[in-house]
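Colleague: I am new to this structure and would like to understand how its descriptions are reached. Could we go through them step by step?

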Amino acid sequence: MPDWTPVALLRDLPPLVVMPVTVDGVDLALWRSASGRIAAWADRCPHRGMRLSHGFVRGEALSCIYHGWSYAQSGQCQRIPAHPDLEPPEAIRVPVHHATEAGGVIWVALDTVTTAPPALAGVQPLRSVTLDARFDPASAGLTESGGAWRGTLGGVAVAVLVQPLPDNRCALHVLAESKASPTDLVAASRGIETLRRQAEGVSA
Ligand code: FES
């Protein structure tokens, strides 16, 4: 299994936003600080288990929506609003995973990483789409190369990254060739929709 899983396009996670993602069946809160730092945490507040992906980002910290406990980039709790003079114990800490950006894609690794995410040269982020079906890239005419599935959609060269999701679903993160014109990008985007319908139709 590769170290890194693609979870989103960078532009879909602007600063001060938190969103839920799933990697290998593990629910994570993926968030980006005001300065642009990306983090992937266990999606569970150490206080009473509220999902941190329901929380909110302030500056460089993520706060839980329930009682407002605030966590620093390290995952360490830094503030408990009900006890503003208390320095939170070190044991109050959210499990933190690896998260990084490469080529306009956000990648997450749950465990030790031995490699860097694939460098996807010559392409630009296009869009992500969720499929209510498994996806077999080879059956769709794509060929694996350089850490992505390559082929054409709508007549445009693309690189497709597949993120497995629970319940036989998946997400596709699609990048189009750098030289693609706006018209090409529209055609490729339509190609993604066709691909999605075909995959879901086959699955059904
Ligand atoms: S459950 Fe998160 S602060 Fe209470």
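Colleague: Which domains does the domain assignment of the chain give?

Modeller: This is a predicted model, and its domain assignment gives domain 1, covering 5-109, and domain 2, covering 123-203. The C-alpha centres of domain 1 and domain 2 lie 28 Å apart.

Colleague: How do you know that domain 1 and domain 2 are in contact?

Modeller: Contact requires heavy atoms within 4.5 Å, and by that criterion 12 residues of domain 1 are in contact with 13 residues of domain 2. Between them the two domains bury about 890 Å², with 63% of that area on carbon and sulfur atoms. Pro6, Leu9 and Thr22 supply 46% of the area that domain 1 buries against domain 2, more than any other three residues. The count of salt bridges between the domains is 0, whereas 4 residue pairs are in polar contact there. On the side of domain 1 that touches domain 2, strands S1 (5-9) and S10 (105-109) each give two or more residues, and the largest share, 5 residues, comes from S1.

Colleague: What makes the pair Asp132 and Arg169 a salt bridge?

Modeller: The closest N and O atoms of Asp132 and Arg169 are 3.1 Å apart, and the cut-off is 4 Å, so the pair qualifies.

Colleague: Why is Asp132 called exposed, and what is Arg169 called?

Modeller: Asp132 has 52% relative accessibility, and exposed means over 50%, so Asp132 counts as exposed. Arg169, with a relative accessible area of 31%, falls between the limits of 20% and 50% and is therefore partly exposed.

Colleague: What makes Arg196 part of a network of salt bridges?

Modeller: Arg196 forms a salt bridge with Glu193, with the closest N and O atoms 2.7 Å apart, and another with Glu200, where the corresponding distance is 3.0 Å. Arg196 and Glu200 are 4 residues apart in helix H1, which separates them by about one helical turn. Salt bridges that share partners join Arg127, Glu193, Arg196 and Glu200 into one network.

Colleague: Which residues have the most contacts inside the largest nonpolar core?

Modeller: That core has 18 residues, and those with the most contacts inside it are Leu131, Phe135, Leu172 and Val174. A second, separate core of 17 residues includes Leu52, Val57, Leu62 and Cys64.

Note on methods:
Residues numbered from 1 in each chain as written. Predicted model: local features only at pLDDT ≥ 70, side-chain atom pairs only at ≥ 80, totals over all residues. Heavy atoms only, no water. Core = buried A, V, L, I, M, F, W, Y, C linked by side-chain atoms within 4.5 Å. Buried < 20%, exposed > 50% of the residue type's maximum accessible area, 1.4 Å probe, protein only. Domains from an automatic or database assignment. Buried area = accessible area lost by both parts, 1.4 Å probe. Salt bridge = Lys/Arg side-chain N within 4 Å of Asp/Glu carboxyl O. Polar contact = N/O pair within 3.5 Å; in protein donor to acceptor, adjacent residues only side chain to side chain.
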